[in-house]
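Here are my notes on this one, as numbered points. Have the viewer open while you read.

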Amino acid sequence: MQFAISLCEVKVEPVDRNRKRSIFSFDYFVHFLKTMALAQVCGYSLPAKEIYEDEENLLDGNLCKDLMFAVPMTSDPAAYVDNLQKSKDLRIRFNHGTTTMAFKFQHGVIVAVDSRATAGAYIASQTVKKVIEINPYLLGTMAGGAADCAYWERVLALQCRIYELRNKERISVAAASKLLANMVYNYKGMGLSMGTMICGWDKRGPGLYYVDNDGTRLTGEKFSVGSGSPYAYGVLDSMWNYEMSVEEAYDLGTRAIYHATYRDSFSGGVVNLYHMQATGWVKVSQTDVAELHYKYRGEQQ
């Protein structure tokens with residue numbers, strides 16, 4: 001038996017068989033209940049009469065799709081999320097911090113990240129893997145919301161593999177970064193938090209792109225993202241040289257992240273260092289920042 005939902009009240013009534021089509025499925029009803037429960041946890045009341053009045057729009061636009069987030073069930077999700085974030089009654093606030101960095105040099109691309117995850121002033125983890133290994137020739141970094149970065153970069157990994165199977169060749173770094181930018185642009189203004197660097201090697205050589213949750217996409221020779229990035233940039237700008245050796249590049253990546261963790265309380269844990277080469281990426285080292293502290297302190301003395 002089919003049912004339609006009256007969303008202004010929680011009650012079930014039979015579908016009118018003369019209508020064009022059934023409005024809501026059982027799965028949709030379950031999704032609606034979950035949305036209401038989440039809103040209650042956040043301390044926010046859903047304006048049901050306004051949100052759900054455009055039923056045809058909901059069917060064609062905002063229902064769950066494969067590899068897509070379920071957005072608020074309204075004809076203008078971005079405006080709804082913006083009003084929700086401005087609400088004084090909202091009890092969930094996202095506070096994040098990290099330090100990620102990548103730069104090009106004559107022997108490829110160096111990627112260096114810390115491993116601390118924070119929830120406000122609380123250190124949630126010291127062992128977060130902030131480098132997403134998309135494929136043997138592509139790496140992505142995580143800054144912002146861990147769930148957003150991990151999800152969309154895994155979706156990107158799937159799309160890159162599909163491209164490879166269809167075209168019998170690896171996707172370029174530029175195309176991969178463009179795919180990611182296009183995907184997250186669809187959710188601009190809806191609360192995503194993501195600042196990532198896509199690093200790789202293709203026919204053109206090493207590639208490095210910055211992509212964020214607004215769909216911004218930039219290319220350059222060096223980037224740093226996260227709350228500790230000003231400190232990392234200070235070291236990077238003073239010591240970076242395109243002609244540097246591999247060992248000098250390793251030291252620069254490690255040193256920049258260490259100094260960021262020393263000054264930024266939202267960064268810490270270990271320094272994970274990767275090197276993107278023509279033969280693919282290699283993980284160079286994983287070093288505790290406490291060890292680096294005594295190492296560099298000894299150098300100063």
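1. Strand E10 (residues 205-212) joins E11 through three bridges, in the antiparallel sense. Within that pairing, Tyr209 has Thr219 of E11 as its bridge partner. Strands here are DSSP E runs of at least two residues, helices are H or I runs of at least four, and both are numbered from the N terminus; two strands pair if DSSP finds at least two bridges between them.

2. Before going on, the ground rules. This is a predicted model, where local features need pLDDT of at least 70 and side-chain atom pairs count only at pLDDT 80 or more, while totals for chains, interfaces and linings use all residues. Residues are numbered from 1 along each chain as its sequence is written, and side-chain values use heavy atoms, with hydrogens and water left out.

3. Zooming out, that pair belongs to an open antiparallel sheet of five strands, ordered E7-E8-E9-E10-E11. Strand E7 (131-135) and strand E11 (217-219) sit at the edges, each pairing on one side only. On average, neighbouring strands are turned by 20° against each other, direction ignored. Axes are lines fitted to C-alpha atoms, for helices over the stretch in contact, and angles between N-to-C directions run from 0 to 180 degrees.

4. Which helix lies across E7, E8 and E9? Helix H5 (residues 146-167) does, running at about 15° to E7; strand E8 covers 138-141 and strand E9 covers 195-202. Contact means heavy atoms within 4.5 Å.

5. Now look at Thr141, in strand E8. Thr141 counts as buried because its relative accessibility is 1% (buried is under 20% relative accessible area, exposed over 50%, partly exposed in between, with a 1.4 Å probe and protein chains only). Its side chain reaches the backbone nitrogen of Met197 at 2.9 Å. Leaving out residues up to four places away in sequence, Thr141 touches residues including Thr100, Val111, Val113 and Glu153.

6. There is another open antiparallel sheet of five strands, in the order E12-E3-E4-E13-E14. Strand E12 (222-225) and strand E14 (280-288) are the edges, pairing on one side only. The twist averages 15° from one strand to the next. Strand E13 (residues 270-277) pairs with E14 over eight antiparallel bridges, and His275 is bridged to Val282 in E14.

7. Finally, the helices on that sheet. Helix H7 (residues 229-239) touches strand E3 (100-105) and E12, making about 155° with the direction of E12. Helix H8 (residues 246-263) lies across E3, strand E4 (108-113), E13 and E14, at about 160° to E3.

Terms used: A polar contact is a pair of N or O atoms within 3.5 Å; within protein, one must be able to donate a hydrogen and the other to accept it, and residues adjacent in sequence count only if both atoms are side-chain atoms.
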